[in-house]
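Good morning, and thank you for coming.

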Amino acid sequence: MRSSSPLPRMSRRGRVTIGVLIGVFILFTLLGWGVQAWTDWLWFSEVDYTAVFRGVIVTRLLLFLGASLAMAAIVGGNLWLAQRLRPRHRPHSPEQATLERYRMLLGPRLGLWITAAAVIVGLFAGLSAQSRWNQWLLFLNGGEFGVADPEFGVDVGFYVFQLPFWRFLLGLGFTAVVLALIGSLAVHYLFGGVRLQGVGDRMSNAARAHLSTLVAVFVLLKAVAYVLDRRSMLLEYNDGVGVYGAGYADINALLPAKEILAYISVVVAIAIIVFSNAWMRNLVWPGISLALLGVSAVAIGGIYPWAVQTFEVKPSARDKEAPYIQRSIDATRASYGLDVAQHSAYAASNLTPQESLATDTSVVPNARLLDPQLVSETYTQLQQVRGFYDFGPKLDIDRYTVNGKTQDYVVGVREINYRELTAQQSNWINRHTVYTHGYGVVAAPANQVVCGGQPYFVSGFLGERAQESCSSPTDQIPASQPRIYYGERMQDGDYAIVGKPNPDANPAEFDRPAGESGEGRESYYTYSGEGGVDIGSFTRRLLYSIKEQEPNFLLSEAVNENSKLLYVRNARDRVEKVAPFLTLDGDPYPAVVDGRVKWIVDGYTTAATYPYAERVNLQQETTDELTGRGTIQLARENVNYIRNSVKATVDAYDGTVTLYEFDENDPVLKAWNKAFGGDLIKPRAEIPPSLADHFRYPADLFKVQRNLLTRFHVTSPGDFYSGQDFWQVPNVPDAPDSGVKQPPYYLYTQFPGQEAPRFQLTSAVTPNGRQNLAALISASYQDGKPTLQVLELPDQTRVSGPVQVHQQMTNNANIRQQLNLLSSNQAQVQYGNLLSLPFGNGMLYVEPVYVKSNQQDAYPLLQKVLLSYGDGGSFVVLADNPADGIKQLVEQGKRWAAGNPPPTDGENPPSDGGEPSATPSPTPTPTEAPPLTGELGAAADQVRTAITEVRAAQASGDFERYGRALKALDDALTAFQQAQQVAGGNNAPSTPTPTGSP
């Protein structure tokens, strides 16, 4: 019989070609890595955070090497052992004849093939391990929380710092054993240790011992997994009650089952080794042992817990799960800082405007009129001066004390927007050496407008002001260094090259336009800050020429021996690079501190393994109307522990990054600080008071806490299980059908229970599935400590929520007519933040109304202010300014007190389905119909609700919604007529109708 022809061999030239290509690929890969590492080291040296660079890269390298070597040794060692244990003689069979060809091919270079396989699996294992550098550093440096889990009494630090890395190691062990088992089985089969045909045993003794040992090790790892699963159960989701953490069936059925299965796994592992090698020397009993383990896992770990859940827990889940729901409530409130929330009742029973509105000095005068999102266009058009300056799609809110008065200001930074440079301005020289920085922080009081609705600018001026009546005659928030080299609008590739060859050379950087209104001559400047990487040497220029793939670093005369390169110029990116272990807030904001412009970035420490705590997705919880409009969307990170542990600052001129400790009790921050030498984070005592005055409660943290408080304000397990008292975050008031959540808003105001006005972040919430107001949540810093305040309205309140208030105000007949006059084919009406302000045991609502022309380069101007008091629809005015509006509201209140109803559009819409309007009614006269009560009154309320929805649908222009609203109105009228017949036929009051046609 002729043997099979050998496989064709590659020619020497082909092998050389492939070798050269592989070598070139490796060379360029290593060159890219080397350039990246070198430039990173230079950058970290510039910002003085080399400990982070060194700590991260060394940790990743050690993990890569450790995991690679361990995986390669386990897999490669078992493959080598399998070929060493091959039988000396193999019985003849067609199977062995077929395998002989492969043995001839692989045999001469078997060691090389085993090495290659070990290197490949080791490489992938190392890549996986090096990405766990953060888990390893926490594993080494983590301490205790001082809080024990409610089931095992183990400190929470074990779950946060140790458990994640143990689980990774266990997974790596499973992978190594499985790959070793599969590879060894293949080698034993190739060399005849395992046979499918022929006479005699199908497996040699050596192969049986080798493979059975690997199986036994796998089963022992499974026993370890069962032990870790007992701890991990406290992190799992409990479907029965909708909370995280082990429930009744888990603790009383699955937990002991895991322990039993761990013991069974150890017994099975021993049985496999004994039966396979020391006693019967066959695979029958080992197979039975494995089958027993599988049956036990299904019966004990699956069927038994299911039976307990189905037949014992579900019939009385409220009582059975109560202790475990309480655990989840307590853990969630602790892990998210909700336990410091101060809950207080707010009756909001005053539905009539009081005269104190006109004399108030804490709430009404501080009502913010400027919407940071809308007036960004106004800032750009009025303060841009040059087309390449930009303020971004959203401005920021901060407070300043000017002339002894503290109030909130809308602030924006005049930054360079490289996307707005003209074609001529966009060449390499202009883009990177001329247009290098922005100039000035522009601010305006948040509660003041001038000159037909414009902001009253008080800082950031360029040259002389053309209309001093529209701005402050002096700079009220002066910055001694107003130049902005590092900002919020910078992107990758927006680097700047600064520095002139000698002191006598002319400045090359465009600084700012000078002269009246920015027209006329232009001034130039040379950067003199400490920031930037020196690129004066040829080596440095070559290095960055490779990094940026730009030959002008070597060829251009603009790069000289005194040049510096400024890159990573986005403030948030700089903090993220020096503190990669932090999750950063999506809205950095500028502040003028001691004459310097500082970017303030809030940093969070997070964890995902706090036992029994609710797990949330940061991206999902923080997304609202402002996301992507000046607010950066957070990554899809699942967490169940968060602290605002760090306040980071970035100097807008020289890029200096400083990390300040803000939460002195956070164990996670202490672990990270220890991991990088102990002095990475500056102590809280070193925070300058002038900087601390500008700290504000971070928006993303507040959104997470607010969303959780909609459920976890309920602390009774029984009430939590029923879910009847849950709240929800309302949608945007002027676009409720968009499904986009209303963002919280910053205010300098005073809430009930507060001794003085404070700068706070506030949000309104409504009952789940309804639109009336349920509570107001505010967050602020008091004596440097974070505080949460929850003002809870009565359960059956008739006070409207934000969506209802907006609809009721804009659907008022008189107001609708005025709004229609403001909007036309040439202009559009835009609504600002709807503010919900508790005042005088009632609710005051303020909503600015802007008008924007449809002409090119038009910008919104504040033209009117909507104000409402009480339930949201009873006392409503549209005024030129808040002062006039408050006067009108007070006059309406006086007329009401005198027995005259306030002017309305002919009806008082209900504040919620099924609840009548909160507007009080004067004593009926003989000519008036008596108030409707009982089923007839409820039917009348449904009619009024349907009428309100018809008007809202008509105003929105949504014909599908309008059709649904008309159908609902028809059904409500039918129900009212039926109620009339039951109440007495023709003697019942007539159907309520609105003035005018819907």
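Is the crossing of α2 and α4 left-handed or right-handed? The crossing of these two helices, α2 and α4, is right-handed; a crossing is left-handed if the near helix is turned anticlockwise from the far one by less than a right angle, and right-handed if clockwise.

Before I continue, please note that this is a predicted model, in which local features need pLDDT of at least 70, side-chain atom pairs count only at pLDDT 80 or more, and totals for chains, interfaces and linings use all residues. Residues are numbered from 1 along each chain as its sequence is written, and side-chain values use heavy atoms, with hydrogens and water left out.

Helix α2 covers residues 50–84 and helix α4 covers residues 110–130. Helices here are DSSP runs (H or I, at least four residues), as are strands (E, at least two), numbered from the N terminus. The axes of α2 and α4 are 7 Å apart, and the helices pack at an angle of about 150°. That makes α2 roughly antiparallel to α4. Angles under 35 degrees count as roughly parallel, over 145 as roughly antiparallel, 65 to 115 as roughly perpendicular and the rest as oblique. Axes are lines fitted to C-alpha atoms, for helices over the stretch in contact, with angles from 0 to 180 degrees between N-to-C directions.

Residues making this contact (heavy atoms within 4.5 Å) include Leu63, Phe64 and Trp80 of α2, and Ile114, Val121 and Leu127 of α4.

Let us turn to helix α1, residues 12–47, whose axis comes within 8 Å of that of α2, with a crossing at roughly 145°. On the α1 side, Ala37, Asp40, Trp41, Phe44 and Ser45 meet Thr50, Val52, Phe53 and Arg54 in α2.

Helix α15, residues 538–548, also has its axis within 10 Å of that of α1, and the two cross at roughly 120°. α1 and α15 are therefore oblique to each other, and their crossing is left-handed.

Next, the disulfide (a pair of cysteine sulfur atoms within 2.5 Å). The whole structure holds one, and it joins Cys451 to Cys470, with 1.8 Å from S to S.

Finally, a word on confidence. The chain has a mean pLDDT of 86; pLDDT is the predictor's confidence in each residue, from 0 to 100. Over residues 1–7, pLDDT stays under 50. Where pLDDT is low, the predicted coordinates should not be read in detail.
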